[in-house]
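Dear colleague,

Please find the structure below, handed over for your own work.

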Amino acid sequence: MEEIARAKINLALHVRGREPDGYHRLETVFAFAEHGDLLRASEAAELSLRIEGPFAEGLSAGEDNLVLRAARKLQARLQVGKGAALTLNKRLPVASGIGGGSADAAAALRLLNRLWGVGAGEPELLGIARSLGADVPACVLSRPCLGTGRGDDLAPYDASAVTGAPLLLVNPGVAVSTADVFRGWAGRDGGPLPEDLLSAHNDLEEPAKAVAPVIGDVLEALAAASGARLVRMSGSGATCFALFESEAERDKATAEIAAAHPHWWQLASRLG
Ligand code: C5P
C-alpha cells in the first residue's frame with residue numbers, strides 16, 4: 001500500500017500575534033501540490049522505517065522521525081497489535097516550508113489506518129495529527145483549507161479559482177529552521193486574510209530572508225517569469241512557488257531558472 005505525502009503550499013500566511021507559549025496565531029490558506037514524498041507500507045510484526053530517495057541523506061530514520069512517531073501514536077491510541085515495514089521515498093527537500101516531515105507524518109496516519117484496517121475517522125486522525133505538529137492536520141486532509149490558531153484549526157476553503165493551476169516550486173538548497181524564522185517576526189499584525197489571494201502575503205518572507213537572503217533571489221527569479229500570476233514563499237521557507245497561466249509558461253520558467261541556477265531544486269507540478 002502507498003500514499004503520496006503531497007507538498008504543502010501556504011498560498012498566504014498572515015501572522016496575527018504571538019501566544020505566551022511562544023507559538024504564533026496565524027491565518028493561512030493551505031493547498032497541496034499533486035506531487036510529494038512517497039510512503040509505502042507492508043504488514044510486519046514490528047514497526048520499522050527505511051528512507052530512500054534524493055533527500056534521504058541526513059534524515060534520521062530513528063524513533064524521533066515524525067513518521068515513526070505518528071505510527072506509534074496511532075498504534076497506542078487504537079491499541080493495534082500489529083507493526084508495519086515502512087519505506088519513505090524522500091523527494092522533497094527537508095526543512096523547506098512545504099510540509100516535509102508534516103506531510104510524511106500525515107501520510108503515515110492515513111496509510112496505517114488503511115493497512116491495519118482500524119477505521120479511525122477523520123476527527124480521530126486530526127486529533128493525533130495535532131499532537132505531532134501545527135501543519136500535520138492540514139496535511140492529513142491534503143485538500144485546500146483555511147487554518148487559524150496555530151494553523152491547526154481548519155475550515156473548508158474554496159480554492160476553485162486556483163485548483164489545477166500549473167505550479168512551480170523552487171528551493172535554493174538552504175535548510176531554514178521554522179522556529180528561527182518565527183522568532184524573527186517583527187511583531188506587526190499582518191491583518192485578516194483578504195478575499196483575494198493576490199493581495200494577501202506571507203508575513204514570514206521578511207524574517208526568512210533575514211535568515212537566508214537567497215530567498216529574495218528566488219522570489220525575483222519567479223516574479224520575472226512570464227505568466228507567473230502568484231509568486232510567494234511557502235511556510236517559513238526557503239521554498240517559494242509560482243502559479244502560472246499555462247503549463248507551457250511554467251515549463252519555460254523551469255528551464256530558464258535551471259539554466260541560471262543549476263543548483264536550485266525545482267518541482268513542476270499542479271495545484272491539487
Ligand atoms: O508545530 P511545529 O513543530 O511544526 O512547529 C515548529 C516550530 O515553529 C515551533 O516550535 C514554533 O517555534 C514555530 N511555530 C510557531 N507558530 C506556529 C507554528 C509553528 O511559532 N503557529
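The side chain of Arg250 forms a polar contact with the side chain of Asp251 at 3.0 Å. A polar contact here is a pair of N or O atoms within 3.5 Å; within protein, one must be able to donate a hydrogen and the other to accept it, and residues adjacent in sequence count only if both atoms are side-chain atoms.

Before going further, please note that this is a predicted model, in which local features need pLDDT of at least 70 and side-chain atom pairs count only at pLDDT 80 or more, while totals for chains, interfaces and linings use all residues. Residues are numbered from 1 along each chain as its sequence is written, and side-chain values use heavy atoms, with hydrogens and water left out.

Arg250 belongs to helix α8 (residues 247-260); helices (H or I, at least four residues) and strands (E, at least two) are DSSP runs, numbered from the N terminus. The side chain of Arg250 also reaches the backbone oxygen of Ser269, at 2.6 Å. Arg250 counts as buried because its relative accessibility is 7%; buried means under 20% relative accessible area, exposed over 50%, and partly exposed in between (1.4 Å probe, protein chains only). Beyond its neighbours within four places in sequence, Arg250 is in contact with residues including Pro166, Phe244 and Arg270, where contact means heavy atoms within 4.5 Å.

Gln266 lies in strand β10 (residues 265-270) and is buried, at 19% relative accessibility. A polar atom of the Gln266 side chain is 3.0 Å from the backbone oxygen of Thr254. Leaving out residues up to four places away in sequence, Gln266 touches Leu168, Leu169, Val170, Thr254, Ile257 and Ala258.

**Domains and cores**

The domain assignment, which is automatic or taken from a database, divides the chain into domain 1 (2-156) and domain 2 (166-270). Their contact takes 31 residues from domain 1 and 37 residues from domain 2.

A nonpolar core is a set of buried Ala, Val, Leu, Ile, Met, Phe, Trp, Tyr and Cys residues joined through side-chain atoms within 4.5 Å. The largest one has 41 residues, of which Leu39, Leu86, Leu109, Leu112, Trp116 and Leu132 touch the most other members. Helix α2 (101-115) is among the elements that give two or more residues to this core, and its nine residues are the largest share. Leu112 touches Ala41, Ala71, Leu74, Ala84, Leu86, Gly117 and Val118, not counting residues up to four places away in sequence. A second, separate core of 26 residues includes Leu168, Val181, Leu219 and Ala242.

**Ligand**

A polar side-chain atom of His24 is 2.7 Å from a ligand oxygen atom. A polar backbone atom of Ala134 lies 2.9 Å from an oxygen atom of the ligand, and a backbone N or O atom of Arg150 lies 2.9 Å from a ligand nitrogen atom.

**Backbone geometry**

Most residues other than glycine have a negative phi, and most peptide bonds are trans. Gly237 and Ala238 are joined by a cis peptide bond, with omega about 10°. Gln79 has a positive phi near 50°, and Ser142 has a positive phi of about 50°. Gln79 is exposed, at 73% relative accessibility, whereas Ser142 is buried, at 18% relative accessible area.

With kind regards
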